[in-house]
Amino acid sequence: MSYTAATVQLLSPEGSLVTSDASAEYLPYVEKLSDEQLREFHRQMVVIRRFDIEAANLQRQGQLALWIPSLGQEAAQVGSGFAARPHDHIFPAYREHVIARIRGVDPIKIIEMLRGISHGGWDPAENNNFHLYTLVIGSQALHATGYAMGIQLDGLTATGNPDADEAVIVYFGDGATSQGDVSEAFVFAASYQTPQVFFLQNNHWAISVPVSRQSRTPLYLRSSGFGIPGVQIDGNDVLASYAVTSANLDAARGGEGPRFIEALTYRMGAHTTSDDPTKYRDADDLDFWSHADPITRFETYLRSRGEGDAFFAEVATEGDDLASDVRKRTLELGSPPASKMFEHVYSDPHPLMDSQRAWLEGYEAAFEGGEE
Amino acid sequence: MATSDFPLPDVGEGLTEAEIVHWKVKAGDTVTVNQILVEIETAKSLVELPSPFAGTVSALLVEEGQTVEVGTPIISVSSNGEFELTAPAVDEEMTGAIADTARTVAAAEEKPGAVLVGYGSSGHGGSRRRRPAEAAPAPAATPTKTPPPSSVPAAAASSIIAKPPIRKLAKDLGVDLATVSPTGLAGEITRDDVIRQASQASVFRNIQTPEWGTEREERIPVKGVRKAIATAMVQSAFSAPHVSIFTDIDATRTMEFVKRLKNSPDFAGVRVSPLLIMAKALIWAVRRNPTVNSSWTDKEIVVHHYVNLGIAAATPRGLLVPNVKDAQSLSLRELASALEQLTLTARDGKTQPAEMAGGTITITNIGSYGMDTGTPIINPGEAAIVALGSIKQKPWVVDGQVLPRFVTTVGASFDHRIVDGDVASRFVADLASVLEEPALLLD
């Protein structure tokens, strides 16, 4: 599956702006972007890809239990991530590393989670409303819808002051669209006309099941049956991702109800480090999407606007620095004390946790201190 | 020059071993961090391993084609001075902990070396951590040094373990969870525990014992309803020679019938109880045995070919026996409605004298107080009174097997001047047969 006639594209794979009837609606959002903002888009995409590769290597070196790569999906994430305003709430799946970074989550928090020493460990309230990763496929669509209903009940949307209005954006993949949770979220969002954007990154694979087996129709049509307008974009086009998400979040904040965006992208890596995509993936597909790479085309675009080598070298160095920093801090992580597992089971002190902690301490104390 | 080993990692969530397929470096080569060192094959796939170190390869520790367990060092790299040798090595504490867990599992299965997750292995990775004092294979086998029990500990006395729905149930039933004896695993309070406590509470809800009266004796004037009751009882007991008979029956089908009626739209909004079935049964049995529904006048016996069905009711004013007029002409639905109305009026203390006059036969529902049966006294002017006892599950023999069935006792008292033993017995047997098989009402 690749792009369709309905796919909104603002930047072609060759790196030039697309002018069409479909793009005319969204180009004004792009025209308002400053050079600094455009550079920031590129910086985030490049740096997170470098981080992603480093994290995958750390997994292969035994430092992480698992890594979930976002390779190839940087544009869908960076564009939509910057479209969200600071007071909007973001509900990620588990692959939105760059959006976490944009919202101020220290990347080491994600490393800790996939090392198996935390359950997430960041407080959304202290990280610009970036909520925790949800590993259960699609559940976050319900969390987000509930939160959006709350925003609505609090009267924080459609206030008449567009700068104060709040909305929710929730990320999920094509596999999640096959889950009941996502459909249920559509039902509630449509019923209550919640201020939210459903952002689907269609990376074409639910682990090893292709999207073509999951849906007979293009997924952007799915939401219309629930009464939610849907749009399909080129998810490897950071400008389309930014502009279309901005337009739809504006509508949601303004009280026009939920919206659905299908971003066509491709998972260039494995689903996680635990699977082997060469066993199910077609080389032609990979070829097609390599040519549609989000970073390459955006670099071409920036160069055409006059950006020079110095900037790209600086960005590459920043990526290396982050990778090196993350490696160093990963190696220093060690293991948390076993007692940590009891700390956040309940918000208040709990006698069962106390007794289990005491049992474990007693058990540990039954061992003599080391033969070696 | 420091040297570090790279232990074979678990690259796929729980793999235990891998084959070294192809080395991409050899001893003496300079390697950088993340440079591909080797291709391995796991149970899942071919995987390339990047170097965790920068330095010079001092030795390849495993030959191509060999399968080694996760945690086995596969390559040594020494720092060449140019790079700081980062030695992540796998965190020993973590490795050891996982290996310990794996050993415990393995010991339990009596299959040493079998591991479920991570770096567990009987050889290299596993020996690093401190061992139990006796160095027994499984920690559970070190009783002298292992004070805690191996099972999940029961919670401290102060704690209450109950799932949220059970807590809600307890709240709804007014049960204080602190007073409940738990029977669940590790002291968890179960649904049954709460229900048992609630039913005990209801049994004992009147157990508060009032103080003795302050006066030595209390004199209550005999008047009103009490006087009327007394007069009627004496008149009945000392003019009509009473005979009482009883029979135990299996009322399971009646209970099922009641349940079906309750679920039926036709009976929506009206109270349906076993008393209704008994009332209908009585009307049917009266037709077959008319003399039980009659009055003694010394000169003649007046047999009523209608039923003014009396229901003995406890009211704020005392015992009253209002009756449903011409109950024989009512449908089951109408009878249910009439009984409900009669009961509600009596309970409110609003029963009028006319509603109590002209009764022809009576039912007393002592089962509603949990009593099995009794020898009721006939309402004056009538010839019979039927007692419906409580209906409870009891062991009952069906086809040679003891089964739990809903069992009750039907008792009745008769004016022996009118009703002989054989008629009385046939009448009670008819009642019993309907309660055992309500389909007879279709007759």
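Val187(A) is partly exposed, at 38% relative accessibility (buried is under 20% relative accessible area, exposed over 50%, partly exposed in between; 1.4 Å probe, protein chains only). The model is predicted: local features need pLDDT of at least 70, side-chain atom pairs count only at pLDDT 80 or more, and totals for chains, interfaces and linings use all residues. Residues are numbered from 1 along each chain as its sequence is written, chains are lettered from A and ligands numbered from 1 in the order written, and side-chain values use heavy atoms, without hydrogens and water.

Phe41(A) and Tyr242(A) form a tilted pair, 5.4 Å centre to centre with 55° between the planes. Phe41(A) lies in helix 3 (residues 35–60) and Tyr242(A) in helix 10 (residues 238–253) of chain A, so the pair ties together parts 201 residues apart in sequence (helices are DSSP runs of H or I, at least four residues; strands are runs of E, at least two; both are numbered from the N terminus). Phe41(A) is buried at 2% relative accessibility. Tyr242(A) is also buried, at 14%.

Phe41(A) also pairs with Phe298(A), tilted, at 6.4 Å and 35°. Phe298(A) sits in helix 12 (residues 294–304) of chain A, so this pair ties together parts 257 residues apart in sequence. Phe298(A) is buried, at 0%. Phe41(A), Phe82(A), Tyr242(A), Phe298(A) and Tyr301(A) form one aromatic cluster.

Terms used. Phe/Tyr/Trp six-rings, centres within 6.5 Å; stacked < 30°, edge-to-face > 60°.
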